[in-house]
Amino acid sequence: MSYEEYLQMMCDFQNQTVGHLTGHDCDKCKNKGLIFFVENGDEKCRECECMTIRRNLQRIKESGLAAVIEKYTFDTYQTPELWQQAIKQSALEFLDVKGKWLYIGRQYGSGKTHICTAIVGELINRGLNARYMMWLDDSKRLKACINDDEEYYRLIHPLKTTDVLYIDDFFKAQAGPDGKMLPPTPADVSLAFEIINYRYMQPDAITIISSQYDIDGLLDIDGALGSRIYERTKGFCKIIGPDEKKNYRMRDAV
């Protein structure tokens with residue numbers, strides 16, 4: 001046996017050894033997080049692709065969304081109605097299209113968050129980095145530190161550069177003192193444009209957005225912002241018409 005054959009045998013042995021990492025079962029590295037190989041007469045190792053998935057899952061766990069991503073899957077998305085079947089089919093097709101965006105708007109309680117989360121979960125399982133942005137909470141956090149360059153960059157840079165960004169309840173309206181829903185503020189629009197425009201310029205960046213607005217509503221808020229979203233979501237822009245029968249939260253509560 002040559003020295004290189006010996007090294008290869010040792011690498012094969014280590015690659016078959018079962019590790020102790022949890023949270024995701026990887027057949028490639030046997031849950032060690034490392035792959036061993038021989039290169040130029042030396043034994044080397046590299047990080048297994050599963051570590052991207054593990055970091056995504058850990059980040060989701062830390063954000064408190066672990067239970068959500070386990071609950072909101074394609075298998076649990078019910079499709080008794082034709083409009084639900086169409087949305088699910090479009091979401092499944094979206095998974096295999098590079099660099100596209102997806103937008104689901106209008107009717108609240110209709111499962112927008114469910115189907116978007118199912119997409120994110122599947123993309124994570126395929127090894128892509130993903131970030132959730134809960135618009136109402138995260139936009140407040142970002143606007144609060146706008147004068148702290150270092151902290152602002154720390155928070156916004158991952159949203160701009162991640163492989164997959166899911167913005168949930170984009171421009172979610174809040175009630176004013178008179179009870180009427182308030183439109184997005186100039187600060188909201190500026191923040192949204194900064195994130196959307198950066199990702200718009202990246203051909204492979206995947207962006208998923210759920211919102212109470214349809215595309216016309218976004219265009220009314222800001223034409224430059226709305227048109228960018230419209231352009232990148234062509235073919236995967238689904239607007240669920242207002243209909244209380246489609247509010248499954250209320251149906252479940254009865």
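This is a predicted model: local features need pLDDT of at least 70, side-chain atom pairs count only at pLDDT 80 or more; totals for chains, interfaces and linings use all residues.
1. Now to the aromatic rings. Searching the whole structure gives 5 aromatic pairs. One of them joins Trp135 and Phe171 edge-to-face, with 5.4 Å from centre to centre and 90 degrees between the planes. This pair brings together distant parts of the chain, 36 residues apart: Trp135 belongs to helix α6 (residues 135-144), while Phe171 sits in the loop between β5 (164-170) and β6 (174-175). Both Trp135 and Phe171 are buried. Phe170 comes into the picture too, as ring pairs link Trp135, Phe170 and Phe171 into a cluster.

2. The largest nonpolar core has 27 residues, and Leu102, Ile115, Ile119 and Ile208 touch the most other members. Two or more residues each come from α2 (50-62), α4 (82-94), β3 (101-106), α5 (112-125), β4 (130-134), β5 and β8 (206-211). Helix α5 supplies the largest share of this core, 7 residues. As background, nonpolar side chains tend to be buried together in soluble globular proteins.

3. Met1, Tyr3, Tyr6 and Met9 make a nonpolar surface patch of about 500 Å². Tyr3 is part of helix α1 (residues 3-16). Is Tyr3 buried or exposed? Tyr3 counts as exposed because its relative accessibility is 57%, and the cut-off for exposed is over 50%.

How values were computed. Residues are numbered from 1 along each chain as its sequence is written. Side-chain values use heavy atoms; hydrogens and water are left out. Patches are made of residues with over 30% relative accessible area and no salt bridge: like charges are joined within 9 Å, nonpolar side chains (Val, Leu, Ile, Met, Phe, Trp, Tyr) within 5 Å. Accessible areas come from the Shrake-Rupley method with a 1.4 Å probe; for residues, only the protein chains shown count as cover. A salt bridge is a side-chain nitrogen of Lys or Arg within 4 Å of a carboxyl oxygen of Asp or Glu. Helices (H or I, at least four residues) and strands (E, at least two) are DSSP runs, numbered from the N terminus. Buried means under 20% relative accessible area, exposed over 50%, partly exposed in between (1.4 Å probe, protein chains only). Rings of Phe, Tyr and Trp (its six-membered ring) pair if their centres lie within 6.5 Å; planes under 30 degrees apart count as stacked, over 60 as edge-to-face and the rest as tilted. A nonpolar core is a set of buried Ala, Val, Leu, Ile, Met, Phe, Trp, Tyr and Cys residues joined through side-chain atoms within 4.5 Å.
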